[in-house]
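Biologist: I would like to learn how to read a model of this kind. Please show it first, and then take one feature at a time.

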Amino acid sequence: MIQEFREGKLDEFYQDVSRYDTPAHISIEELKRIFNQSERSKITCMHFDDEITMQMAECVGFNVARVKGLRELER
């Protein structure tokens, strides 16, 4: 998928992210290593294990998936 992204075959993609490498999620550090700053704005991170990892992703230039209207659904 990385090659297709860099060849322009994918405009953007979504990626599960964790603070640490797991079988299902890539670590934020590994994601930073793979993608340069200009590529990061086209990648949306999701399924974080904690708030800190989500903030880390935003700070280094990745987009973060959010559920709109979640507060209304909780009522």
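Modeller: Start with two phenylalanines: F5 is buried, and F35 is buried as well. Buried means under 20% relative accessible area, exposed over 50%, and partly exposed in between, with a 1.4 Å probe and protein chains only. This is a predicted model, in which local features need pLDDT of at least 70 and side-chain atom pairs count only at pLDDT 80 or more, while totals for chains, interfaces and linings use all residues. Residues are numbered from 1 along each chain as its sequence is written, and side-chain values use heavy atoms, with hydrogens and water left out.

Biologist: How many aromatic pairs are there?

Modeller: Rings of Phe, Tyr and Trp (its six-membered ring) pair if their centres lie within 6.5 Å; planes under 30 degrees apart are stacked, over 60 edge-to-face, and the rest tilted. The count here is three. One of them joins F5 and F35 edge-to-face, with 5.7 Å from centre to centre and 90° between the planes. F5 is in helix α1 (residues 2–6) and F35 in the loop between α2 (28–34) and α3 (37–40), so this pair ties together parts 30 residues apart in sequence. F5, F13 and F35 make up one aromatic cluster.

Biologist: What pattern does the protein chain follow along the sequence?

Modeller: Helices (H or I, at least four residues) and strands (E, at least two) are DSSP runs, numbered from the N terminus. The protein chain has five helices and four strands, in the pattern α-β-β-α-α-β-α-β-α.

Biologist: In what order do the strands lie in the sheet?

Modeller: In general, strands of a sheet pair through backbone hydrogen bonds, either parallel or antiparallel. Two strands count as paired if DSSP finds at least two bridges between them. Here the sheet is open, with the order β2-β1-β3-β4 and parallel pairing. Its edge strands, β2 (26–27) and β4 (63–64), each pair on one side only.

Biologist: Which residues stand opposite each other, for example Q15 in β1 and its partner in β3?

Modeller: Four bridges join β1 to β3, and Q15 stands opposite C45. Two bridges join β1 to β2, where S18 has S27 as its bridge partner. Two bridges also join β3 (residues 43–46) to β4, and there T44 is partnered by N63.

Biologist: Is strand β1 mostly covered or uncovered?

Modeller: Strand β1 (residues 13–18) is mostly covered, with five of its six residues buried. For the whole protein chain of 75 residues, 32% count as buried.

Biologist: Where is R66 placed, and which residues is R66 in contact with?

Modeller: R66 lies in the loop between β4 and α5 (70–74). Contact means heavy atoms within 4.5 Å. Leaving aside neighbours within four places in sequence, R66 is in contact with M54 and E58. R66 counts as exposed because its relative accessibility is 53%.

Biologist: What is the phi of H47 near?

Modeller: Phi of H47 is near 55°, a positive value in a residue other than glycine. H47 sits in the loop between β3 and α4 (51–59). H47 is exposed, with a relative accessible area of 53%.
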